[in-house]
Amino acid sequence: MRWLAVEDASAVGACRNAALALAGRLQFPAARAGQLALAVTEAASNLHKHARGGSMLLRVNRDAERPGIEMVSIDSGRDFLMSAAMRDGHSTAGTLGIGLGAIRRLADFSDLYSTPGHGTVLVARFWPVPSEYKIRCAGLVRPISGEAECGDTFGAIRADDTVTVVLADGLGHGPLAAAASAEAMAAVLAGPAASRPPCSSEPTGG
């Protein structure tokens with residue numbers, strides 16, 4: 001898991017290179033790695049052009065039989081109309097406006113969420129061979145600036161037709177808070193609802 005700050009134009013190339021390096025580790029075919037690199041470049045360019053405090057996460061996703069790559073971009077920039085932004089030709093920076101539409105077409109899964117006054121989150125997932133897949137459960141924790149471990153964690157477990165989702169806040173920040181939330185999560189996952197393996201669980205830390 002790697003967070004990259006996107007604060008200037010040089011960060012766009014850094015994001016692209018990080019995506020290609022991860023694709024190489026996972027043995028993505030060259031053509032698919034190129035599609036991933038294009039999507040990451042478009043997302044990073046959007047952060048550079050429109051965002052304040054933009055950052056990008058690239059990490060391995062194991063929801064499918066073969067591992068894939070998940071890209072998450074977060075910013076506190078201007079709010080925008082999502083339905084318009086996903087259409088080719090929509091631009092607020094005088095460009096062709098093909099970035100978000102291209103990401104949607106290239107990714108196996110993509111979604112966009114924007115809250116007025118807070119910013120926008122974009123997520124996209126890519127597998128070595130483009131395919132449709134069923135999302136189980138997903139979430140994300142991020143350490144506060146200056147810490148390597150996050151005091152929050154989450155987990156989800158399925159028992160028959162019931163899914164139990166847990167969010168744990170260890171209070172405070174860093175290793176002690178991470179240990180507290182991990183203990184709470186372990187207690188829940190070891191309970192009666194844990195008759196089946198977790199459908200998703202995100203370890204704490206950055």
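**Close-ups of a predicted model**

**View 1. Confidence along the chain.** Helices (H or I, at least four residues) and strands (E, at least two) are DSSP runs, numbered from the N terminus. This is a predicted model, where local features need pLDDT of at least 70 and side-chain atom pairs count only at pLDDT 80 or more, while totals for chains, interfaces and linings use all residues. Residues are numbered from 1 along each chain as its sequence is written, and side-chain values use heavy atoms, with hydrogens and water left out. The chain averages a pLDDT of 78, and 78% of the residues score at least 70.

**View 2. The α1/α2 pair.** The axes of α1 (residues 10-25) and α2 (residues 30-50) come within 8 Å and cross at roughly 155° (lines fitted to C-alpha atoms over the stretch in contact, with angles from 0 to 180 degrees between N-to-C directions). So the two helices, α1 and α2, are roughly antiparallel (over 145 degrees). Look for V12, C15, R16, A19, L20 and A23 in α1, which meet α2 residues including L36, V40 and H48 (contact: heavy atoms within 4.5 Å).

View 3. Strands β6 (residues 152-159) and β7 (residues 162-169) pair in the antiparallel sense over 8 bridges; pairing takes at least two DSSP bridges between strands. A156 has V165 in β7 as its bridge partner. The hairpin leaves 2 residues between the strands, and D160 in the turn has a positive phi of about 55°.

Definitions and conventions
Angles under 35 degrees count as roughly parallel, over 145 as roughly antiparallel, 65 to 115 as roughly perpendicular and the rest as oblique. pLDDT is the predictor's confidence in each residue, from 0 to 100.
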